[in-house]
Amino acid sequence: MSGVWVFKDGLVRRVENPGQDDEGSSAGGGGGGRRKVLVHVPSGEVVTSYEVLERRLRELGWERYVNDPCLLLFHQRSTVHLISVPRDFARFRLVHMYDIVVKTRNVFEVRDAAN
């Protein structure tokens, strides 16, 4: 895993190609970077919607948290972790994917999308 950690607008995130527009490392592509996808490792299923993500998180004991107009929030009672993702799946980015990977060790991975 290569890249540069960037602090911008109060957030720290990893940028793979710091010379390119950072949209290239997003889930939806753009720029010239490789498109990434979030994969549920045990099943090999690519997360293509929030319905898929929520189903997989529920299997791990995550619950939907408060009803926020801008974010979907997931909480696990046994931890202090909170996963927050934008309500619009089109705005689901690499930083959100890695947040999920870190909080669900060995269950999700970020991979290059198959073209």
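Start in helix α2 and select K103 and D99: being four residues apart in this helix, they are separated by about one helical turn. The model is predicted.

**Stop 1: the K103–D99 pair**

Display both side chains. K103 forms a salt bridge with D99, and the closest N and O atoms are 2.8 Å apart. Now colour by accessibility. D99 counts as partly exposed, at 21% relative accessibility.

**Stop 2: the buried residues of α2**

Stay on the helix and select residues 94–103. The buried residues here are L94, H96, M97, I100 and V101. Look down the axis. These residues cover an arc of only 160° around it, which puts them on the same side of α2.

What lies over them? Show these elements, which are among the cover of the buried α2 residues:

- strand β2, residues 11–15
- strand β3, residues 36–40
- helix α1, residues 50–59
- strand β7, residues 82–86
- strand β8, residues 108–112

**Stop 3: H96**

Is H96 buried or exposed? H96 is buried, with a relative accessible area of 17%; the cut-off for buried is under 20%. Follow its side chain. The side chain of H96 reaches the backbone nitrogen of R93 at 3.0 Å. Next, show its surroundings, leaving aside neighbours within four places in sequence. H96 is then in contact with S84, V85, P86 and R91.

**Stop 4: helix α1**

Move to α1, part of the cover of α2's buried residues. Select the buried residues of α1: Y50, V52, L53, E54, R56 and L57.

R56 counts as buried, at 12% relative accessibility. The side chains of E59 and R56 meet in a salt bridge, 3.2 Å from N to O. Being three residues apart in helix α1, the two are separated by about one helical turn.

Then step off the end of the helix. Just after α1, G61 takes a positive phi of about 95°.

**Stop 5: D112 and R34**

The structure holds 10 salt bridges. Select D112 and R34 for another of them. Their side chains meet in a salt bridge of 3.4 Å, N to O. D112 lies in strand β8 and R34 in the loop between β2 and β3, so the pair ties together parts that are 78 residues apart in sequence.

Check the accessibility of both partners. D112 counts as partly exposed, at 38% relative accessibility. R34 is exposed, with a relative accessible area of 52%.

**Stop 6: a nonpolar patch**

Switch to a surface view. Select W5, F7 and V12. These residues make a nonpolar surface patch of about 410 Å². Zoom in on F7, which lies in strand β1, residues 4–8. F7 is exposed, with a relative accessible area of 62%.

**Last view**

Keep the buried residues of α2, including M97 and I100. Finish with the patch of W5, F7 and V12.

Notes
Residues numbered from 1 in each chain as written. Predicted model: local features only at pLDDT ≥ 70, side-chain atom pairs only at ≥ 80, totals over all residues. Heavy atoms only, no water. Buried < 20%, exposed > 50% of the residue type's maximum accessible area, 1.4 Å probe, protein only. Arc of directions from axis to C-beta. Contact = heavy atoms within 4.5 Å. Polar contact = N/O pair within 3.5 Å; in protein donor to acceptor, adjacent residues only side chain to side chain. Patch = residues over 30% accessible without salt bridge, like charges linked within 9 Å, V, L, I, M, F, W, Y side chains within 5 Å. Areas by Shrake-Rupley, 256 points an atom, 1.4 Å probe, with all protein chains shown as cover. Salt bridge = Lys/Arg side-chain N within 4 Å of Asp/Glu carboxyl O.
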